[in-house]
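Let's take a walk through this model together, going from its sheet to the helices and cores around it. Please keep the viewer open as you read.

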Amino acid sequence: MAAILLIGTDESLLEGLAQSLSAMGHRACIVPGFMEGAELAVLEPPLVVVVERSLAMAEPSVAHLGLARGGAVLLYHTPPDHAAPWVALAPSLQRAVLAELSLPLERHRLLALVQRIEARARATGAGRHDTPPEHRAL
């Protein structure tokens, strides 16, 4: 069960994504802006941060948001924003972003990426391991 942080202005889109992620067993949290997201990331570092592309371009420090070990940043734009993918990102943001998505069209791709990131984190030992009570040190 991974913590997913959704940052964006389209509440209905993000609510639908949060419901889909919750159905898969993840904890999804929706915030309208980067500052609120940064505050939440301090309390519980998310494994995946999904950020609206226009917000990320306005605040390139999203690349330095506190992620859980093995975490990733994903950007998205909505279809009416045809120019969004063609505007260059800051180099630090380009290096931090795993993928750019067109939502809601690529919703299934987002869900697959989240599963893959979680599996990668678990396989590399970066994910949280819950030790069964019988194996805990006294």
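Predicted model: local features only at pLDDT ≥ 70, side-chain atom pairs only at ≥ 80, totals over all residues.

## The sheet

Zooming out, the two strands belong to an open sheet of 5 strands, ordered β2-β1-β3-β4-β5 and paired in parallel. Its edge strands are β2 (27–31) and β5 (97–102), each of which pairs on one side only. On average, neighbouring strands of the sheet are turned by 20 degrees against each other, direction ignored.

## Helix α5 on the sheet

Which strands does α5 touch as it packs on the sheet? The contacts are with β1 (3–7), β3 (48–52), β4 and β5, and the direction of α5 makes about 160 degrees with that of β5. The loop between β5 and α5 contains P104, and the peptide bond from L103 to P104 is cis, with omega near 10 degrees.

Two residues of α5 are worth a click. R107 lies in this helix and is partly exposed, with a relative accessible area of 31%. Leaving out residues up to four places away in sequence, R107 touches L17 and S20. R107 and S20 are 87 residues apart in sequence, yet their C-alpha atoms are 9.1 Å apart in space.

The other residue is E118, found in helix α5 (residues 107–123). Is E118 buried or exposed? E118 counts as buried because its relative accessibility is 13%, below the 20% cut-off. With residues up to four places away in sequence set aside, E118 touches M1, A2, H26 and L47.

After α1 comes G25, whose phi is positive, near 100 degrees.

## The nonpolar cores

The largest nonpolar core has 23 residues, and those with the most contacts inside it are I4, L6, V48, V50 and L110. Two or more residues each come from β1, α1 (11–23), β3, β4, β5 and α5. Which element gives the most to this core? That is α5, with 6 residues.

Apart from its neighbours within four places in sequence, V50 is in contact with I4, L5, L6, I7, L74, Y76 and L110. There is also a second, separate core of 16 residues, which includes V62, V73, L89 and V97.

Terms used:
Residues numbered from 1 in each chain as written. Heavy atoms only, no water. Helix = DSSP H or I, 4+ residues; strand = E, 2+ residues; numbered from the N terminus. Buried < 20%, exposed > 50% of the residue type's maximum accessible area, 1.4 Å probe, protein only. Contact = heavy atoms within 4.5 Å. Pairing = 2+ DSSP bridges. Axes fitted to C-alpha atoms, helices over the stretch in contact; angles between N-to-C directions. Core = buried A, V, L, I, M, F, W, Y, C linked by side-chain atoms within 4.5 Å.
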